[in-house]
2 protein chains.
Amino acid sequence: MPRASTTSDPFSAIAEPRRRHILEFIAAEERSVNDIADFLEMRQPSVSKHLQVLRDVGLVRARRDGRQTLYRTNADALRTIHEWSRMFAQHWGGQLRRIKAHAEEDR
Amino acid sequence: MPRASTTSDPFSAIAEPRRRHILEFIAAEERSVNDIADFLEMRQPSVSKHLQVLRDVGLVRARRDGRQTLYRTNADALRTIHEWSRMFAQHWGGQLRRIKAHAEEDR
DNA sequence: TTGACATATTCCCATCACGGAATATATAAG
DNA sequence: CTTATATATTCCGTGATGGGAATATGTCAA
């Protein structure tokens with residue numbers, strides 16, 4: 001049986017490096033499909049398909065602006081992943097101070 | 001082209017729900033292969049194969065103890081994922097902000 | 001309408017991940 | 001050494017994945 005469907009699980013969606021790159025690029029501000037394609041040196045159809053996957057799992061949102069479609073991250077969905085990985089924080093190495101600092105941040 | 005090899009990237013490794021379950025189960029204390037298989041109701045070879053993947057990307061460590069092999073999480077590796085998802089933290093709770101900012105709905 | 005631009009979708013295909021079953025290896029006990 | 005237990009590995013079949021190419025859809029301007 002193959003991996004969990006990429007269109008039903010944020011963890012699978014970010015398994016693809018290209019999709020992580022897209023998320024990183026649009027994190028600061030919304031971008032059009034071609035902006036993404038140009039910056040990441042990908043073909044437009046490939047970008048559109050990745051964006052569709054990211055939309056299906058709720059990791060990005062889209063907004064029409066004339067002929068363009070602007071995409072932005074839905075950071076709240078990425079929070080799921082952050083929370084999950086946080087489960088292991090108690091075993092992280094490093095100073096207690098750093099762990100405390102993270103605890104404060106996540107509040 | 002398929003997804004990035006599951007044996008080279010922690011993000012791909014945790015894309016599989018079973019592997020996340022394994023990580024969750026052994027997070028508290030190290031466990032043997034059969035303990036994992038019993039608890040998660042999986043076949044032993046399947047567990048061994050998933051553990052091998054997790055070892056290859058450094059997410060778990062193994063220790064021989066007689067006939068058993070005890071596995072534990074390498075939480076520092078999971079920290080990579082935590083840090084990556086933290087990149088989007090500045091936009092968390094942004095749902096309300098966005099609703100205020102844009103009256104128009106997505107697409 | 002026609003044409004240019006922007007994005008989405010469809011089809012094809014090589015690749016690879018997963019589970020199942022069988023088997024191999026390793027360690028301990030008798 | 002032989003046997004039982006614990007885990008690892010191999011082989012196979014099925015099915016999802018992502019890129020490429022072509023095409024479709026959508027939007028604006030003249």
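Two strands are taken to pair if DSSP finds at least two bridges between them. Helices (H or I, at least four residues) and strands (E, at least two) are DSSP runs, numbered from the N terminus. The model is predicted: local features need pLDDT of at least 70, side-chain atom pairs count only at pLDDT 80 or more, and totals for chains, interfaces and linings use all residues. Residues are numbered from 1 along each chain as its sequence is written, while chains are lettered from A and ligands numbered from 1 in the order in which they are written.

In chain B, strand 2 (residues 60-65) and strand 3 (residues 68-73) run antiparallel and are joined by 6 bridges. Arg61(B) faces Arg72(B) of strand 3 across this pairing. The hairpin formed by strand 2 and strand 3 of chain B has 2 residues between the strands. Gly66(B) adopts a positive phi near 65° in this hairpin.

Helix packing was examined next within chain A. Two packed helices are described by the angle between their axes and the distance between the axes. Axes are lines fitted to C-alpha atoms, for helices over the stretch in contact, and angles run from 0 to 180 degrees between N-to-C directions. Helix 3 and helix 4 of chain A pack at about 115°, and their axes lie 9 Å apart. These two helices of chain A are therefore roughly perpendicular (under 35 degrees is roughly parallel, over 145 roughly antiparallel, 65 to 115 roughly perpendicular, and the rest oblique). Their crossing is right-handed (the near helix is turned clockwise from the far one by less than a right angle; anticlockwise is left-handed). Val33(A), Asn34(A), Ile36(A) and Ala37(A) of helix 3 meet Gln44(A), Val47(A), Ser48(A) and Leu51(A) of helix 4. Contact requires C-beta atoms, placed from the backbone, within 7 Å. By class, this contact holds 5 nonpolar, 3 polar and no charged residues. Ala, Val, Leu, Ile, Met, Phe, Trp, Tyr, Cys and Pro count as nonpolar, Asp, Glu, Lys and Arg as charged, and the others, Gly among them, as polar.

Between the chains, 29 residues of chain A and 28 residues of chain B take part in the contact. On the chain A side, helix 5 gives the most, with 8 residues. That side has 13 nonpolar, 6 polar and 10 charged residues. Helix 5 of chain A packs on helix 5 (residues 75-86) of chain B at about 150°, with the axes 8 Å apart. The two helices are therefore roughly antiparallel. Their crossing is left-handed. Leu78(A), Ile81(A), His82(A), Ser85(A) and Arg86(A) meet Leu78(B), Ile81(B), His82(B), Ser85(B) and Arg86(B).

A residue is near a strand if its C-beta atom, placed from the backbone, lies within 6 Å of it. DNA strand C is surrounded by 27 residues, the closest being Ser32(A), Asn34(A), Pro45(A), Ser48(A) and Gln68(A). Helix 4 of chain A supplies the largest share of this surface, 6 residues. The surface near DNA strand C has 9 nonpolar, 11 polar and 7 charged residues. DNA strand D is surrounded by 30 residues, and the closest are Thr6(A), Ser32(B), Asn34(B), Pro45(B) and Gln68(B). Here the largest share, 6 residues, comes from helix 4 of chain B. The surface near DNA strand D divides into 9 nonpolar, 13 polar and 8 charged residues.

Definitions and conventions. Contact = placed C-beta atoms within 7 Å.
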